[in-house]
Amino acid sequence: FLSPLVFWRDNDTYESSTILLSYLLWYETRHYQVVPTSGRTLTSTSGGVLTPLVWNYAHRREPRTGGGEIETRTARMLCGLAWSHDLVRQTDAAGAEKGRESSCRLLYALWRSDSRDGRYSVDIFPWISYDRQRDGATTSSWLWRFWRRETGADGSTKKLYLGFIPLVDR
């Protein structure tokens, strides 16, 4: 069973939706803007799959001013408590990737991984933390700062803490 819906926001912008009603709720929404000279122009699209309280997936694409687009994807399992993943990609007018952000969580915050423009971070609550910068410098720790090691881009140890006492500090 498909049900198309059209919502007018104001005189020159409207939204068109298609919804599939069953155990899985699939939806797609397209945002249009009416331009007098060329008819309608697609300004953004979004859609996803929703199974109430179990699974949710959504995607959205929006054009950027000056060309290119921003793409957002989100997935959740059990309202984000069991697993969640977010991705944001930005492209330029030629389609080349300009920026990327990603975040993934397991059992809400028990395991978390984030990456943004070459930076990477993993946290396993409450014991382990690992961060990597764009230049290759890393920071790893156990029990927050009970044991912590920072390395430079060349791999040499810059700082080392044991029992909150600095052993190496360069």
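## Contacts along the chain

Among contacts (heavy atoms within 4.5 Å) between residues at least 6 apart in sequence, 9% join residues at least 24 apart in this protein. The model is predicted, so local features need pLDDT of at least 70 and side-chain atom pairs count only at pLDDT 80 or more, while totals for chains, interfaces and linings use all residues. Residues are numbered from 1 along each chain as its sequence is written, and side-chain values use heavy atoms, with hydrogens and water left out.

## The protein as a whole

The protein has 15 strands and 0 helices; strands are DSSP runs of E with at least two residues, helices are runs of H or I with at least four, and both are numbered from the N terminus. Of its 170 residues, 22% count as buried, where buried means under 20% relative accessible area, exposed over 50%, and partly exposed in between, with a 1.4 Å probe and protein chains only.

## Strand S12 and its partners

S12 pairs with strand S11 (residues 128–132) in the antiparallel sense over 5 bridges; two strands pair if DSSP finds at least two bridges between them. Ser129 has Ser141 in S12 as its bridge partner. The hairpin of S11 and S12 has 5 residues between the strands, and Gly136 in the turn has a positive phi of about 100°.

S12 also pairs with strand S13 (residues 147–151), again antiparallel and over 5 bridges. Ser140 stands opposite Arg149 in S13. This hairpin leaves 4 residues between the strands, and Leu143 takes a positive phi near 55°. Next, S13 runs antiparallel to strand S14 (residues 157–162), joined by 5 bridges, with Leu162 in S14 as the bridge partner of Trp147. Between S13 and S14 the hairpin has 5 residues, and Gly155 has a positive phi near 90°.

## A closer look at Thr139

Is Thr139 buried or exposed? Thr139 lies in strand S12 and counts as buried, at 19% relative accessibility. Its bridge partner in S13 is Glu150. Leaving aside residues up to four places away in sequence, Thr139 touches Ser129, Tyr130, Asp131, Arg148, Arg149 and Glu150. Thr139 and Thr151 are 12 residues apart in sequence, and their C-alpha atoms are 6.4 Å apart in space.

## The largest pocket

Rolling a probe the size of a water molecule over the atoms shows where empty space is left. On a 1 Å grid over the protein atoms alone, a pocket is an open set of points where a 1.4 Å probe fits, with protein on both sides within 12 Å along at least five of seven lines; lining residues have an atom within 4 Å of a point. The largest pocket has a volume of about 210 Å³, and its lining includes Ala109, Arg112, Trp127, Ser141 and Trp144. Strand S10 (119–124) and S11 are the elements that give two or more residues to this lining.

Note on methods:
Points joined across faces, edges and corners; volume = space filled by probe spheres on them.
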